[in-house]
Amino acid sequence: MSGIINIENMKKEYRMGKITVPALNGVDISIEEGEFVAIMGPSGSGKSTLMHIIGCLDKPTNGNYTLNSEIVSEIKKGKLSMIRNKQIGFVFQTFNLLPHLNILKNVELPLMYAGYNKKKRTSTAKKVLEEVGLGDRLKHKPSELSGGQRQRVAIARAIVNNPTIILADEPTGNLDTASGGDILSIFSDLNDKGHTIIMVTHDPAVAKRATRVINIVDGLIQDGDIT
Amino acid sequence: MAISLKENIIVGFSDFWSRKIRSIITVMGIVLGTMSIIVVLALVKGINAQTMKWMMERGGLSKITVSRNWRYEKPDHVKNYFTWKELKLIHSLIPEAKYFNPQQRHWVRHSYEDKNYQASVRGVLPDYSKIEEWDVQKGRFISSFDIEQSNDVIVLGTTIKKELFGNKNAVGEVITVHDRRLKVIGIMDFRYMKNSGAIGNDNAFSYLNRRSFTPLTTMIHKGSGNDNISTFTLKAHDAESAPALREKLSNIILNLRRGLPVFEVESAKEEAEEAAQNKKMFTTIFYIISVISLFVGAIVIANIMLATIQERTREIGIRLTVGARRRDIFVQFLVQTILVTTIGGIFGIILGLSLLDVVSNFLDMELIAGVAMIFVALLVSAGVGLISGIIPAIIASKLDPVEALRYE
């Protein structure tokens, strides 16, 4: 029970009408602070579900989940959004930027919900965008950027509140090899700086960057740790 | 603290702006609704001003009128008129009345040389002119001396004067009224007030110009031969003391008539309010139109907001993911709806204000704009936003983040 994330016997079922579809069938995972974990598995294996539960976007049907020694099922909804805001950063395969906002505003979004004033938000968001190499594109809309650039905006948004954990769901899935590589390098750098990174992928090349790979098939963890 | 109101308004504005056509269609109902609210309120204000003007023209707020109560069917043994003696008693009981004028009137023929004119002649006291705040333009009005002596004199309204004398001088001439010869001692001022909303006669006071006045005593002693008086008017010292005087007078008269409501005692204010009542149908129709269009507007807006939320499901998912609380989502959409309707309201107010002249000409009534009605219209349009936005905002705030993120 020493990890930043502890999951015990987690089950998740989805109800589709009268049929119950199991997604997770009793998963045990412990992740230490500073790890770079790749969660691998074929589509439909339950890896995205696991990711959503770790990210406090979804709730397990059964099992225990402790995040930073707090039992997530006992945390109130209002505080869960604060955890999503401050402790976790999300990066998605489809970037999930708001198309009608420029990238500066997109990156400011978590700061806004954290309650920072306009000045502080702009300066922080600017700094982080500069870090990911987009300091000269602040006023651009996401549609005016390439896929790789968009994913860098998404990363900037994920790290702008300096969260301990970064969750990435197939972050290179929509990118060509070159820009995918760039993105992975950014994740490695972030990991070096101390962020715990959990990345869902089905690409073994991507998984090589990780310090640990967790394989999941049919909602169950396969052979444990491969380094 | 999360997303601030200012932030919300900015987000709302950019949303409004990025969907111009849709926003304009959305707020059409609100625009029309607030527009008609402005028109109605201006109409009501105009009518009230008109009524007030009428009241002031007819002797002001301190005037009290006693007349027969036509709605009451009196028993045979009760008199529905006052005698001269009774009137003297009444007058002595209300020393606080500043002016006091009993009157008798008869519908008679006025003739001069070969000209005839049928009109109402009134037997009055000198106070009549004071109570009505109506003076002569030529000659003089009836004096106390005329009353004492029951002088054979008459004062003419401008219409009678014109009918009998044309443009010739009338003061000093003798005319025949019914069968008595009376000397014209004065001509009353011409009275005029615009009769709004009427077809044909545009002078609301033309009936006053058709009156003539003779000393009440002359009429009693030499004309009608009786001292039955069913109407009298009086004036309190000021408008504030009028209601109390009215109350007192009412009780005195009830006592004189065994508690039976044979007479009506009305203050000018009450009369004016009755007059305003008659124009209420106008305003009611307009109110109904406003409420219906606002209601339709609210339904349209609720509908469009629901569609908008569906369209923006993914955005809501993203916002929840980066730390928005459900309350933030709720406030965001509610504020946006209120913003949309308020913008519509502002347009409606501008449109309504610019339409006042047109409506005024069309209805031939005075419409008066005011600051208060602008606030009312703004408040109503914001209120419509609140009502129509609350359910869509609740739906938005209840979305499941994972499903919202998957939404295509």
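Start on chain A, where α3(A) passes α5(A) in a right-handed crossing. (A crossing is right-handed if the near helix is turned clockwise from the far one by less than a right angle, and left-handed if anticlockwise.) The model is predicted: local features need pLDDT of at least 70 and side-chain atom pairs pLDDT 80 or more, while totals for chains, interfaces and linings use all residues. Residues are numbered from 1 along each chain as its sequence is written, and chains are lettered from A and ligands numbered from 1 in the order written.

**Stop 1: α3 and α5 of chain A**

Select residues 103–114 for α3 and 147–159 for α5. (Helices are DSSP runs of H or I of at least four residues, strands runs of E of at least two, numbered from the N terminus.) Their axes come within 7 Å and cross at roughly 30°. (Axes are lines fitted to C-alpha atoms, for helices over the stretch in contact; angles run from 0 to 180 degrees between N-to-C directions.) That makes α3(A) roughly parallel to α5(A). (Under 35 degrees counts as roughly parallel, over 145 as roughly antiparallel, 65 to 115 as roughly perpendicular, the rest as oblique.)

Now show the side chains. A:I103, A:N106, A:V107, A:L109 and A:P110 in α3(A) meet A:V153, A:A156 and A:R157 in α5(A). (Contact means C-beta atoms, placed from the backbone, within 7 Å.) By class, this contact has six nonpolar residues, one polar and one charged. (Ala, Val, Leu, Ile, Met, Phe, Trp, Tyr, Cys and Pro count as nonpolar; Asp, Glu, Lys and Arg as charged; the others, Gly among them, as polar.)

**Stop 2**

**Stop 3: α2 and α14 of chain B**

Move to chain B and select residues 20–57 (α2) and 371–397 (α14). Their axes come within 10 Å and cross at roughly 150°. That makes α2(B) roughly antiparallel to α14(B). The crossing is right-handed. B:I30, B:T34, B:I37, B:I38, B:L41 and B:A42 in α2(B) meet B:M373, B:V376, B:A377, B:V380, B:S381 and B:V384 in α14(B). Ten of the contact residues are nonpolar, two are polar and none is charged.

Follow each helix along its length. α2(B) has a kink of about 40°, centred on B:V27. (The bend at a residue is the angle between axes fitted to the seven residues ending there and the seven starting there.) B:G59 follows α2(B), with a positive phi near 110°. α14(B) bends by about 40° at B:G389, and the proline B:P392 follows within four residues.

**Stop 4: where the chains touch**

Show both chains. Here 18 residues of chain B are in contact with 20 of chain A. On the chain B side, α1 (5–18), α12 (313–321), α13 (326–363) and α15 (401–406) each supply at least two residues. That side has nine nonpolar, four polar and five charged residues.

Terms used
Two residues are in contact if their C-beta atoms, placed from the backbone, lie within 7 Å.
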